[in-house]
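The following exercises are to be worked with the sequence and the three-dimensional structure at hand. Each task is followed by a solution in steps.

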Amino acid sequence: MSKYVKDLITDHLRKRLQNVNDALLVNVVGLDANANNRLRTELLSKDINLMVVKNSLAARATAGTPLSAMFAGLTGTAAICWGGEDIVSLAKDITRLASE
C-alpha cells in the first residue's frame with residue numbers, strides 16, 4: 001500500500017473516531033457472511049458501530065487520543081466497536097451477542 005493511500009485511510013479513521021473516548025476491541029474472524037450481516041444489523045439497531053481495522057493504521061489514527069493504548073502492541077486481526085448508551089451497555093451487548 002502506498003504512503004498516499006495509507007495517509008488517506010488514516011485520515012478517514014481519525015475522522016470516524018474523532019469523538020470516541022470508549023471502545024472495545026473484538027474478534028470477528030470466523031464469522032460467515034450471514035452471521036456477519038446479522039451481527040452488523042443488530043449492532044446498527046442499537047447505534048453501535050463495528051469497523052475492522054488494520055492495526056498499524058488504527059494506531060496511527062488514534063495517536064494522542066484516549067484510544068491509542070488500545071492498539072499498542074496489538075497483533076492479528078481486530079475490529080473496534082463503539083457507540084451505544086455507554087461503555088457498560090456496549091460491553092453487555094457485545095458479550096451477549098458473542099455468546100449467541
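**Exercise 1.** Determine which residues alanine 23 is in contact with, leaving aside its neighbours within four places in sequence.

*Solution.* Contact means heavy atoms within 4.5 Å. With those neighbours left aside, the partners of alanine 23 are Leu67, Met70, Ile80, Cys81, Trp82 and Ile87. Before going further, note that this is a predicted model, in which local features need pLDDT of at least 70 and side-chain atom pairs count only at pLDDT 80 or more, while totals for chains, interfaces and linings use all residues. Residues are numbered from 1 along each chain as its sequence is written, and side-chain values use heavy atoms, with hydrogens and water left out.

**Exercise 2.** Identify the members of the largest nonpolar core that touch the most other members, and the elements that supply this core.

*Solution.* First, the term: a nonpolar core is a set of buried Ala, Val, Leu, Ile, Met, Phe, Trp, Tyr and Cys residues joined through side-chain atoms within 4.5 Å. Buried means under 20% relative accessible area, exposed over 50%, and partly exposed in between (1.4 Å probe, protein chains only). Next, the members: the largest core has 14 residues, and those touching the most others are Leu17, Ala23, Met51, Val53, Leu67, Ile80 and Trp82. Then, the elements: strand E2 (48-53), helix H3 (55-61) and strand E3 (78-83) each give two or more residues. Helices (H or I, at least four residues) and strands (E, at least two) are DSSP runs, numbered from the N terminus. H3 provides the largest share, three residues. Apart from this core lies another of eleven residues, including Val26, Leu50, Ala79 and Leu97.

**Exercise 3.** In what order do the three strands of the open sheet lie?

*Solution.* Two strands pair if DSSP finds at least two bridges between them. E1 and E3 are antiparallel and joined by three bridges; E2 and E3, also antiparallel, are joined by six. The order is therefore E1-E3-E2. Strand E1 (24-26) and E2 are the edge strands, each pairing on one side only. From one strand to the next, the twist averages 30 degrees. Finally, consider burial: five of the six residues of E3 are buried.

**Exercise 4.** Find the volume of the largest pocket and the element that gives the most to its lining.

*Solution.* On a 1 Å grid over the protein atoms alone, a pocket is an open set of points where a 1.4 Å probe fits, with protein on both sides within 12 Å along at least five of seven lines; lining residues have an atom within 4 Å of a point. The largest pocket holds about 330 Å³, a volume being the space filled by probe spheres set on the points, which are joined across faces, edges and corners. Of its 15 lining residues, Leu31, Leu39, Ile94, Leu97 and Ala98 are the closest to the centre. H2 and helix H4 (87-99) each give two or more residues to the lining, and H2 gives the most, with five.

**Exercise 5.** Is aspartate 47 buried or exposed?

*Solution.* Aspartate 47 is found in the loop between H2 and E2. Its phi is positive, about 60 degrees, although the residue is not a glycine. With a relative accessible area of 55%, aspartate 47 is exposed.

Conventions
Axes are lines fitted to C-alpha atoms, for helices over the stretch in contact, and angles run from 0 to 180 degrees between N-to-C directions.
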